[in-house]
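Colleague: I have some questions about the terms used for this model. Can we go through them?

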Amino acid sequence: MPLYLINGTKQKIRFYCRLHEHPRPIVLEVESGCQIRADKHHDDPESMAWGQDDIKYVIEQFERYGVRELSEVDRINGRFDGLLYSTKKPASEDAIVTAHNALIESKEEISAQEATKSALAFDQAGRNKRGPRIAKEVAVEVSQIIPRGEKPTGKEINFGLSVATDGSNRVKLPI
C-alpha cells in the first residue's frame, strides 16, 4: 500500500514523523502544490516501501496534526491546514487546487472570527459600566491592501462587521 503526502499550501512543508518501533524521526519535505510518495526514500529508488504497520502509524501521526484524507477534499469544512494524504493513488492537479481553495476559505473564516472578537472586545471596552453604551454602533472593516504595481484580481478579502446596540453582530463575508 503506497502512502502519498500532498501539499496544498503555498509554502514548502516539512513533516516530522516516526516509524513504528523506530526511534529516529523521519523528515518528509513536500514543495508547494506538490506531492511525494512518503513510504519510500526519495534519494534511493531501490529502497523498500514501508510495511502496513509503519504506514498506519504514520497516518495516525498525520491525522493528529490535521492532515486529511484525500477522499475528504470535496467535503472539507472548518479548520484546514492544507495537507492531505492518500493510500490509494496520487492526487490529481484538480484535487491539489481544491485543497488550496479549501485552505483559503479556512483562513478567511479564521480572519472573520478574529475580526469579530476584536469588534466585540472594542464594544465591551466602550460600554459604560453603570449605564448605556457610549457608542451607538461599533464596526470593523477589513480590506486587503493591493501592493503597488499589481492589479486587483477580484478575489481580495473585503468584509465588514458591526456590533448592534443589543450586542449581537452582523458579519458580511466576501462572496
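Colleague: What makes I36 or Y85 a contact of L3?

Modeller: Contact means heavy atoms within 4.5 Å. Leaving aside neighbours within four places in sequence, L3 meets that with I36 and Y85, and also with W50, I55 and F62, among others. This is a predicted model: local features need pLDDT of at least 70, side-chain atom pairs count only at pLDDT 80 or more, and totals for chains, interfaces and linings use all residues. Residues are numbered from 1 along each chain as its sequence is written, and side-chain values use heavy atoms, without hydrogens and water.

Colleague: Why is the set with L3, L5, L28 and F62 called a nonpolar core?

Modeller: A nonpolar core is a set of buried (under 20% relative accessible area, 1.4 Å probe, protein chains only) Ala, Val, Leu, Ile, Met, Phe, Trp, Tyr and Cys residues joined through side-chain atoms within 4.5 Å. The largest such set has 19 residues, and those four touch the most other members. Helix α1 (52–64) gives the largest share, four residues. A second, separate core of 12 residues includes I6, A91, I96 and L103.

Colleague: What makes β4 and β5 edge strands?

Modeller: Strands are DSSP runs of E, at least two residues, numbered from the N terminus. Two of them pair if DSSP finds at least two bridges between them. The open sheet runs β4-β1-β6-β5, with mixed pairing. β4 (35–37) and β5 (68–69) each pair on one side only, so they are the edges.

Colleague: How do you know that β5 pairs with β6?

Modeller: The two strands share two bridges, in the parallel sense. R68 has L84 of β6 as its bridge partner.

Methods
Buried < 20%, exposed > 50% of the residue type's maximum accessible area, 1.4 Å probe, protein only.
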